Amino acid sequence: MATHNRNWFSPINPPQISNAQNTQICLESILNDIYTKLSHLDALPSIDKRLGGIESRFSSLETELAEVKQDMKQIEGRVTGSEHVVKKIENRFCFITEEFDNMRQENMELKEKLLEVQSRSMRENLLFGGILEDPREKDDYDNIETETVLKKFIKEKLKINEEIKFHIVHRLRPRKDAKPRTIVAKFESRKDRNKVLRAAPAKLKETSFSVFEQYPYEMVERRNVLWPIFKREQRLGNHARLKEDKLYVNGHRIYPEDVIEAQKNASNVPNNPSQDNMYPSQQGSQFLREHFGSRDESRADSEFVLWVKVDIPMQLTKIMFGCIYVPPENSRYSSKDAFDEIETELITLKDQSTATALLGDFNARTGSLCDYIIPDDELSKILNYDGIDEIDRCLYDYYNLCLYNVSLQRSSEDKGRINVYGNKLLQLCKNNCLYIANGSSA
């Protein structure tokens, strides 16, 4: 028994104390983790607050989304209504456009009818140009003296001795070129009017006087466009008829608008266009291109000349033709640069091995004036160019006419006054060693 008690009160071994300490440390670590996690749980109120804010924002977004949906429905309704309005506007616009086209067509028809009425009112009229004014006409407000001057002109110049009566005779406003004012005469008899008109071409051919029909201004403009085509088609052998402002070529009506459009698109005409789609004047140019030569499109752009080169194989030579039409110098289509353009292209296109011939209607009155320069031998010595081949060839080129027994003096039937275009044509000839064939004889 004594031994048993002594063992129960024996001291604790050191290893047992160490295990208790470890257990205490583990418990403290666990407690620390718990305290740490509990400290994190302290943020739950702020998280809850933030979640409440998010829920509030979602609620407001849902409200705004509902409002947007409502606005979208309203916009859809408005768009649907706008589509109906736009459709009505389109229908209205189409109606207005159609009405406008109808009104424009009616306006054009009314203008044509008015033009026809004006033309009919002028059918008994003739215009007389170049008649000098009598000083007594200035104070003659009844135009009696003007009628007397006209009757004298008809008897003396036109050789018509029958008494011709007029409804009215008067002069137009002064001309810009200071020529005598034109006389307008309205005949009482259509027969007398036609008699005077038929006699004028033969009697006034070599004079400065003129007699022609009177037309309204718009009709004159159309005739100015159609007249060159009319003359060209006549030269081409086509049946052409120009009555007032209506041109017919081989039975087909040619409109001024088509002529203007064809002139604008002349540079775009293909080398081999369809004959059915070609304008009559283009058919003539097409014939020249197919059978003789071609136009040099790259360096020729003047509207007054069409260049055609012709090869003659048997003679190993080339001829360059310049087919020319220059509108009258007093017309609205005249150009002071026409002859300069022709000369510029002539110099650009010609060469020493190619002969040149200019053909067509120049509307130039040259009379019998000299178309070449006779050099001054004394001047050539002073300027010291005597003996230079190129200059001699140019100055003495007219000797070639003498070699072929061609008279240097022309005998032209045009005895009228030389006009501005006439002087320009003569200068063109002198500058380029060209000679006018009209009136020249072997």
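1. Strands β5, β6 and β7 make up an open sheet, in the order β5-β6-β7, with antiparallel pairing. Strands are DSSP runs of E with at least two residues, numbered from the N terminus, and two of them pair if DSSP finds at least two bridges between them. Because β5 (240-243) and β7 (252-254) stand at the edges with a single partner strand each, one side of each has no neighbour in the sheet. From one strand to the next, the twist averages 25°.

2. This is a predicted model, in which local features need pLDDT of at least 70, side-chain atom pairs count only at pLDDT 80 or more, and totals for chains, interfaces and linings use all residues. Residues are numbered from 1 along each chain as its sequence is written, and side-chain values use heavy atoms, without hydrogens and water.

3. Four bridges join β5 to the antiparallel strand β6 (residues 246-249). A240 stands opposite V249 in β6.

4. Helix α6 (residues 217-235) lies across β5, β6 and β7 and runs at about 155° to β5. Such angles run from 0 to 180 degrees between N-to-C directions of axes, which are lines fitted to C-alpha atoms, for helices over the stretch in contact; contact means heavy atoms within 4.5 Å. Helices are DSSP runs of H or I with at least four residues.

5. Which residues of α13 are buried? They are Y421, G422, L425, L426, L428, C429 and N432, where buried means under 20% relative accessible area (1.4 Å probe, protein chains only). What covers these buried residues includes α9 (338-349) and β10 (354-361).

6. After α13 comes C433, with a positive phi near 55°.

Notes: Buried means under 20% relative accessible area, exposed over 50%, partly exposed in between (1.4 Å probe, protein chains only).
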